[in-house]
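Thanks for coming, everyone. I would like to walk through one structure with you today, so please have the sequence and the model open as I talk.

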Amino acid sequence: MSSAAALLPRLAVTAGEPAGIGPELVARLAMQPLLADLIAIGDVDQLRRAAARCDVTLDIREDDGTRIATRAPGQIRVAHHPLRAQERPGILDPRNAFQVLNTLADAADGCLDGRFDAVVTAPVQKSVINEAGEPFSGHTEFFAQRAQASVVMMLASEGDATRPPLRVALATTHLPLRAVPDAIGIDMLCAKLRIVHTALQRQFGIDAPRIGVLGLNPHAGESGHMGREEIEVIEPALQPLRAEGMQLIGPLPADTAFIPAMRTRMDAVLAMYHDQALPVLKSEAFDRTVNLTLGLPFVRTSVDHGTALELAGSGRADPSSLIAAARMALRLIAHERTSKA
Ligand SMILES: NC(=O)c1ccc[n+]([C@@H]2O[C@H](COP(=O)([O-])OP(=O)(O)OC[C@H]3O[C@@H](n4cnc5c(N)ncnc54)[C@H](O)[C@@H]3O)[C@@H](O)[C@H]2O)c1
Ligand SMILES: N[C@H](C(=O)O)[C@H](O)COP(=O)(O)O
């Protein structure tokens with residue numbers, strides 16, 4: 001093995017909303033024996049305070065951009081972005097919204113220019129960024145715009161001895177429910193399905209992915225008697241892709257698409273909107289589900305939960321989803337490298 005191959009992947013880990021649980025989760029992540037160089041993107045003094053709240057001792061250094069071959073548990077480097085106002089756990093402060101956005105921009109730009117190999121994000125509070133005057137609906141849309149890429153949000157949990165993995169991609173993300181039917185079109189569904197298909201092949205190593213596609217209406221429209229989007233939009237989007245050889249199952253009634261017999265037939269599911277499918281994952285595997293952005297020119301993973309303001313400062317927030325996100329990022333980097341080799 002060459003010495004270059006032995007260098008650790010550099011994961012940019014954004015600390016998220018300063019008043020939320022993100023900084024404490026980053027401190028706990030740093031204690032894990034991961035084969036990764038962890039670069040926290042946030043305020044270095046806040047990370048120290050977060051570590052104290054979690055009662056963990058970190059070896060915190062400034063990130064000088066060098067690549068390293070080993071990292072001991074507890075070691076983390078920081079790209080310092082000072083807070084405008086010191087955090088008060090659980091209390092949102094719009095003065096820090098631009099600090100949060102700057103950390104996301106730095107992480108994305110660092111992935112684009114090769115400083116980082118992937119970004120792993122702790123949760124942000126969308127509302128306080130909006131209150132600061134910035135239009136922001138989520139990391140997914142922010143990174144898509146920053147990288148000028150068409151993307152798909154996917155939430156995924158690894159399987160275990162009794163359950164196969166569950167991967168759910170979303171045709172629409174953060175928009176009001178009332179706007180969903182108008183946002184779904186034949187071309188956009190084709191584009192989303194192509195992104196999911198490619199990601200399953202390149203990032204998950206599934207040669208011939210099987211993708212279930214949910215309907216929009218109850219009972220997938222009941223043959224047009226409970227809505228016509230399945231007949232007029234979804235099925236016409238599937239036909240040309242099937243002709244290209246993609247294995248697409250649906251449009252499926254959403255209420256039964258996740259029963260065990262169905263899950264073994266599909267490698268991933270495309271849902272039409274956020275709350276059509278995310279409650280399935282979050283109720284089954286809140287602690288190990290990971291949010292991914294497919295279609296970016298870099299790997300981005302995240303927690304499946306929010307800022308949990310009521311837990312912030314207690315040191316008791318569960319870091320499992322952030323740890324799963326970091327592990328998933330490392331697997332995706334490895335798969336991508338293999339598929340390009
Ligand atoms: N990746 C992200 O940035 C992301 C993801 C989801 C929600 N959010 C944002 O978070 C904010 C709050 O959202 P919400 O209240 O709907 O969801 P939430 O996930 O913050 O909280 C839902 C419930 O889960 C609990 N919880 C969440 N994470 C936990 C953890 N790590 N350990 C233990 N318990 C945990 C909370 O205490 C609460 O009871 C919103 O602004 C939302 O937009 C951000
Ligand atoms: N839709 C995500 C969820 O419910 O977990 C969450 O809002 C985060 O989205 P971004 O990764 O786009 O911030």
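Let us begin with Pro-251, which is found in strand 9, the strand that covers residues 247-252. Please keep in mind that what we are looking at is a predicted model. The peptide bond that leads from Gly-250 into Pro-251 is cis, with an omega near 0°. As a general rule, most peptide bonds are trans, and most residues other than glycine have a negative phi.

With that rule in mind, let us turn to the loop between strand 8 (210-214) and helix 8 (229-243), where His-219 lies. His-219 has a phi near 55°, which is a positive value in a residue other than glycine. Glu-222 lies in the loop between strand 8 and helix 8 as well, and although Glu-222 is not a glycine, its phi is positive, at about 45°.

Glu-232 has 12 other C-beta atoms within 10 Å, and because a residue counts as exposed at 12 or fewer, Glu-232 is exposed. Between the C-alpha atoms of Glu-232 and Pro-164 there are 32 Å, while along the chain these two residues are 68 residues apart.

Now let us step back to the whole chain, which is divided into domain 1, made of 1-148 + 296-340, and domain 2, made of 150-293. The centres of the two domains, taken over C-alpha atoms, are separated by 28 Å. Where the domains touch, 23 residues of domain 1 are in contact with 19 residues of domain 2. On the side of domain 1 that touches domain 2, the elements that give two or more residues are helix 5, strand 12 (299-302) and helix 11 (320-340), and helix 11 gives the most, with nine residues. Sorted by class, that side of domain 1 has eight nonpolar, 10 polar and five charged residues.

Next, the ligands. Why does ligand 2 lie between the domains? Domain 1 and domain 2 both give residues to the shell around ligand 2, so ligand 2 lies between them. The residues around ligand 2 include His-139, Thr-140, His-274 and Leu-278, and helix 5 (139-147) and helix 10 (274-285) each supply at least two residues of this shell. By class, the shell around ligand 2 has one nonpolar, six polar and one charged residues.

Ligand 1 is surrounded by 19 residues, of which the closest are Pro-123, His-305, Gly-306, Ala-308 and Asp-318. The shell around ligand 1 holds seven nonpolar, nine polar and three charged residues.

Finally, I would like to show you how two helices meet. Helix 1, residues 22-30, and helix 2, residues 44-54, pack with their axes 8 Å apart and at an angle of about 75°, which means that helix 1 is roughly perpendicular to helix 2. Among the residues that make the contact are Pro-23, Val-26 and Ala-27 of helix 1, and Leu-47, Ala-50 and Cys-54 of helix 2. The residues of this contact divide into seven nonpolar, one polar and three charged.

Key:
Residues numbered from 1 in each chain as written. Chains lettered and ligands numbered in written order. Predicted model: local features only at pLDDT ≥ 70, side-chain atom pairs only at ≥ 80, totals over all residues. Near = placed C-beta within 6 Å. Nonpolar A, V, L, I, M, F, W, Y, C, P; charged D, E, K, R; others polar. Helix = DSSP H or I, 4+ residues; strand = E, 2+ residues; numbered from the N terminus. Domains from an automatic or database assignment. Axes fitted to C-alpha atoms, helices over the stretch in contact; angles between N-to-C directions. Parallel < 35°, antiparallel > 145°, perpendicular 65-115°, else oblique. Contact = placed C-beta atoms within 7 Å. Buried ≥ 20, exposed ≤ 12 C-beta atoms within 10 Å, placed from the backbone.
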